[in-house]
Amino acid sequence: MKKYQVIYADPPWTFSSRELQKYEGIRFTSIEKHYLTQNKEWIKNLSVKGITAEDCALFLWSTDAHLKEAIETIEMWGFKYITVAFIWEKKTVTGKTVANLGAWTMKNYELCLLGTKGRMLQYKKVNNLYQKVEAERTKHSKKPEEVRKRIEQLFGDLPKIELFAREKTEGWDVWGNEVESDIDL
Ligand SMILES: C[S@@+](CC[C@H](N)C(=O)[O-])C[C@H]1O[C@@H](n2cnc3c(N)ncnc32)[C@H](O)[C@@H]1O
């Protein structure tokens, strides 16, 4: 099985209606209209350990409502939670900050967490990467290309895979049910 040193993943988290009500202030979700979602246990139990090299970094997107499960997922996949690598400030087409309804505050950001295993600092190529990414919100759940670019800047051409990918990106292997996957998981 091929081993990777960079894993970039955007899981299809399920929202229960209670979670939606509690965190997002809304009652119904339409995520299933866009793609298949999976429960937290399924995501945590994916055999990601089998594709990680001894030194490996995981970049994992989480929603606000799934932070606890996201950190548990990082640990179940064999990594240690380190930090929030990127925050994406969602912009409209005219450059305004998107404000989605929330139960407590309005939502403008998404978080991409970093977990590592082994000794990843030795592969770091730059020291000047910003955490904040300002980018337009386009297709439902589509994450900005800029995040992949910053990961490439950070780690150069280490073997990389995107899990739950919806498109193929040059220089990256991909796995997901909407792309032609390079591996089986
Ligand atoms: C949040 S979306 C990923 C969005 C992507 N990062 C982008 O920027 O467009 C999650 C993806 O996981 C996929 N998915 C759901 N269940 C899956 C499964 N059992 N195996 C593989 N992929 C699955 C969904 O179909 C969807 O494409």
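## Surroundings of the ligand

Around the ligand there are 16 residues, of which Asp 10, Lys 143, Arg 166, Asn 177 and Glu 178 come nearest; a residue is near a molecule if one of its heavy atoms lies within 4 Å of it. The shell around the ligand is made up of seven nonpolar, four polar and five charged residues. In this grouping, Ala, Val, Leu, Ile, Met, Phe, Trp, Tyr, Cys and Pro count as nonpolar, Asp, Glu, Lys and Arg as charged, and the others, Gly among them, as polar.

The model is predicted: local features need pLDDT of at least 70 and side-chain atom pairs count only at pLDDT 80 or more, while totals for chains, interfaces and linings use all residues. Residues are numbered from 1 along each chain as its sequence is written, and side-chain values use heavy atoms, with hydrogens and water left out.

## Polar contacts and cover

## Loop residues

The loop between β5 (132-136) and α5 (145-155) contains Ser 141; helices (H or I, at least four residues) and strands (E, at least two) are DSSP runs, numbered from the N terminus. Although Ser 141 is not a glycine, it has a positive phi of about 70°. Ser 141 counts as partly exposed because its relative accessibility is 22%; buried means under 20% relative accessible area, exposed over 50%, and partly exposed in between (1.4 Å probe, protein chains only).

Thr 138 also has its place in the loop between β5 and α5, and at 48% relative accessibility Thr 138 counts as partly exposed. The C-alpha atoms of Thr 138 and Arg 119 are separated by 36 Å, and these residues are 19 apart along the chain. In the loop between β6 (160-163) and β7 (173-175) lies Phe 164, a residue other than glycine with a positive phi near 65°. Phe 164 counts as buried, at 15% relative accessibility.
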